[in-house]
Amino acid sequence: MFSPDQENHPSKAPVKYARIYAAGFDSSKNIFLGEKAAKWKTSDGQMDGLTTNGVLVMHPRNGFTEDSKPGIWREISVCGNVFSLRETRSAQQRGKMVEIETNQLQDGSLIDLCGATLLWRTAEGLSHTPTVKHLEALRQEINAARPQCPVGFNTLAFPSMKRKDVVDEKQPWVYLNCGHVHGYHNWGNKEERDGKDRECPMCRSVGPYVPLWLGCEAGFYVDAGPPTHAFSPCGHVCSEKTTAYWSQIPLPHGTHTFHAACPFCAHQLAGEQGYIRLIFQGPLD
């Protein structure tokens, strides 16, 4: 549940904020909490509580910029108070109140509803992020450089972002253990590994071989840098600082675990870093 606040400043337009509160509602639109949800009476006589599986919030440090760092996950109560996490999502014992923090959302805040994680962006924050037109210009710039497959010597090209999830014959593929970019080919298929791993013909490293996709949701980018890195193992491509940021974010998973995930497809990241630098080969002419 979100609640807008407004502050008036002399000679300035009103500044609006959003605050988050945890609650469930019945058919009469009244606040309703399950039987097993934690509930208590506050010192001023009001009732407060937590939803059964909790509403979690994480505010990034340094805002949602290229200098962003992960914050600490907290739980929000019905009254909007901030608590440390419970031992498990549904434990009846609430965490400790964190009085120095508030339920006010900021640009880049993550909200987890135990099964769905939302990214909160402000209008001001989005004004500094790359646009879809900018991402399309970066795609065309990469394709204009005519990267080639080192094996087939055919020119590679990222397909239009409107054709996402449809593998094109010119689609770039990458060896996730080394970052060498190729076109699709059958060289180096390791049958003893059930065909899941391939041997890179450039450096002989063995690992997953996946198609590359440009991340097309501009709101997930922390900067407007060139798409030089890819998440592992899904192959979504974006800027170096965007991959570095999301690879550090522990997203809630299940009742008490966390793991980093690709923001474009929610696939759990793998490997030492969770992403890899792409190595393209230019045209021979």
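This is a predicted model: local features need pLDDT of at least 70, side-chain atom pairs count only at pLDDT 80 or more; totals for chains, interfaces and linings use all residues.

Visitor: What's the strand order in the open sheet of four strands?

Guide: The order is E11-E10-E13-E12, and the pairing is antiparallel.

Visitor: How many bridges join E10 to E11?

Guide: Two, with E10 covering residues 173-175. Val-174 has Val-181 in E11 as its bridge partner.

Visitor: And what stands opposite Val-174 in E13?

Guide: Val-210. E10 and E13 (residues 206-211) are joined by three bridges and run antiparallel.

Visitor: What about E12 and E13, how many bridges there?

Guide: Three, again in the antiparallel sense. Arg-198 is opposite Gly-207 in E13. The two strands E12 and E13 form a hairpin with six residues between them, and Arg-204 in the turn has a positive phi of about 70°.

Visitor: Switching topic. What volume does the largest pocket have?

Guide: About 340 Å³. It is lined by 17 residues, and those closest to its centre are Thr-117, Leu-251, Ala-261, Cys-262 and Ala-266.

Visitor: Which elements give two or more residues to that lining?

Guide: Strands E8 (109-112), E9 (117-120) and E17 (251-253).

Visitor: And what is the lining like by class?

Guide: The lining of the largest pocket has 12 nonpolar residues, four polar and one charged.

Note on methods. Residues are numbered from 1 along each chain as its sequence is written. Side-chain values use heavy atoms; hydrogens and water are left out. Two strands pair if DSSP finds at least two bridges between them. On a 1 Å grid over the protein atoms alone, a cavity is a set of points where a 1.4 Å probe fits but cannot get out, and a pocket is an open set with protein on both sides within 12 Å along at least five of seven lines; lining residues have an atom within 4 Å of a point. Grid points are joined across faces, edges and corners, and a volume is the space filled by probe spheres set on the points. Ala, Val, Leu, Ile, Met, Phe, Trp, Tyr, Cys and Pro count as nonpolar, Asp, Glu, Lys and Arg as charged, and the others, Gly among them, as polar.
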